[in-house]
Amino acid sequence: MAEATPSTSRRIAGVTLASVSGVAVAVQSRINGELGVRLADGFAAAVVSFGLGLLVLLVLVPATPGGRRGLAALRAALADRSLRPWQCLGGVCGAFLVATQGLTIGTLGVAVFTVAVVAGQSGSSLAVDRAGIGPSGPQPVTASRLAGAVLTVLAVLLAVGNRLGDPGTLALAALPLLAGVGIAWQQAVNGRVRAAAGSALTATLVNFVVGTVALLVTFAVDVAVRGLPTGALPSEPWLYLGGPIGIVFIALAAAIVRFTGVLLLGLATIAGQIVGAVLLDLVLPTAASHPGPATLAGAALTMVAVLIAALGPPPRR
């Protein structure tokens, strides 16, 4: 059942939290990208990141009263079919996103990776909201929401315009583009799981269990085809923080999507990602990092797009 239309104050609070979590995702992208380079295998890096996050949740959820209640409520919702099994598969999309971080960021850089994700996420969020897949129910395409999505895509084109002539980059950017399409669906169904379980932490555990299983299967196929990774596990502790950062992001998204809808959640997260990605590429550059004036202008335009979508009237149901 769709939840009541949230108040403006809750919508603004949700947008603020989503923006902060977006900065964390940019940091996670850099960490997982570097881990993929060190291991010489993006799938191995994704397994390490998701697996560590899962271990934290397997300890945390049963140890908290809210987590235990959430697991019981989740089992009941699946039993009475108020929650469908396919709505628990959002972790597959999260696993794909983390895998693309390890596979592409060493070549694309965080900023280009992020704006490619944006392109897929913006249009997909409109479709997911319109179809009513998230816990807020169907949300029509209003002028402000459409303008925000269109401006975000324009920001993407502006930010990566100086690299459109590189066919190899364009082909590689297709992976984070597809990951962005999946993020919108993931946020919607994770919100459904949170609503059924009454616990964002429980919804996050479901996401990590499904994602880890998907990554282990993919990694097994990768090892069978290409052999074991040639890189060694790094000694720097910060390279293992991608999983815990993912816990925070997934839990926040599952908790606030009912206040913002999928599109506004996505755009606010994007704003944080773009700002965080550009700052990382400027302060801690990689060989692929070269954010110029066009990238900075694209980041600014993305912020404008979020403001337009956030300040517009909430969609009527």
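1. A residue counts as buried when its relative accessible area is under 20%. Leu 280 has a relative accessibility of 15%, so this leucine counts as buried. Leu 280 belongs to helix α9, and its C-alpha atom is 9.7 Å from that of Gly 109, a residue 171 positions away along the chain. Please keep in mind throughout that this is a predicted model.

2. Here is the overall picture. The protein chain contains 10 helices and 0 strands, so reading from the N terminus gives α-α-α-α-α-α-α-α-α-α. Of its 317 residues, 54% count as buried. Among contacts with a separation of 6 or more, 87% are between residues 24 or more positions apart. The chain exposes about 12,800 Å², and 74% of that area comes from carbon and sulfur atoms.

3. Which residues touch the most other members of the largest nonpolar core? They are Val 262, Leu 265, Leu 267, Ile 274 and Val 306, within a core of 26 residues. Helices α1 (8-39), α5 (110-131), α7, α9 (242-283) and α10 (293-311) each supply at least two residues of this core. The greatest contribution is that of α9, with 14 residues.

4. Ile 274 deserves a look of its own on your screen. Leaving aside residues up to four places away in sequence, Ile 274 touches Thr 114, Val 115, Val 118, Ala 299 and Thr 302. There is also a second, separate core, which has 23 residues, including Leu 39, Ala 44, Ala 45 and Leu 215.

5. Is Gln 186 buried or exposed? Its relative accessible area is 3%, so Gln 186 is buried. This glutamine sits in helix α7, which covers residues 167-197. Apart from residues up to four places away in sequence, Gln 186 touches Gly 90, Gly 91, Cys 93, Gly 94, Asn 207 and Ile 250.

6. A search of the whole structure finds 2 aromatic pairs. One of them joins Trp 86 and Trp 185, with 6.4 Å from centre to centre and 25° between the planes. Why does this pair count as stacked? Planes under 30 degrees apart are classed that way, so the angle of 25° qualifies.

7. Trp 86 lies in the loop between α3 (65-79) and α4 (90-108), while Trp 185 is in helix α7, so the pair ties together parts that are 99 residues apart in sequence. Trp 86 counts as partly exposed because its relative accessibility is 42%. Trp 185 also counts as partly exposed, with a relative accessibility of 24%.

8. Finally, helix α8 can be followed from end to end. How many residues does α8 have? It has 27, running over residues 200-226, and reaches 38 Å from its first C-alpha to its last, close to the 39 Å expected at 1.5 Å a residue. Just after the helix, Gly 227 takes a positive phi of about 90°.

Definitions and conventions: Residues numbered from 1 in each chain as written. Predicted model: local features only at pLDDT ≥ 70, side-chain atom pairs only at ≥ 80, totals over all residues. Heavy atoms only, no water. Helix = DSSP H or I, 4+ residues; strand = E, 2+ residues; numbered from the N terminus. Buried < 20%, exposed > 50% of the residue type's maximum accessible area, 1.4 Å probe, protein only. Contact = heavy atoms within 4.5 Å. Core = buried A, V, L, I, M, F, W, Y, C linked by side-chain atoms within 4.5 Å. Areas by Shrake-Rupley, 256 points an atom, 1.4 Å probe, with all protein chains shown as cover. Expected span 1.5 Å × (residues − 1). Phe/Tyr/Trp six-rings, centres within 6.5 Å; stacked < 30°, edge-to-face > 60°.
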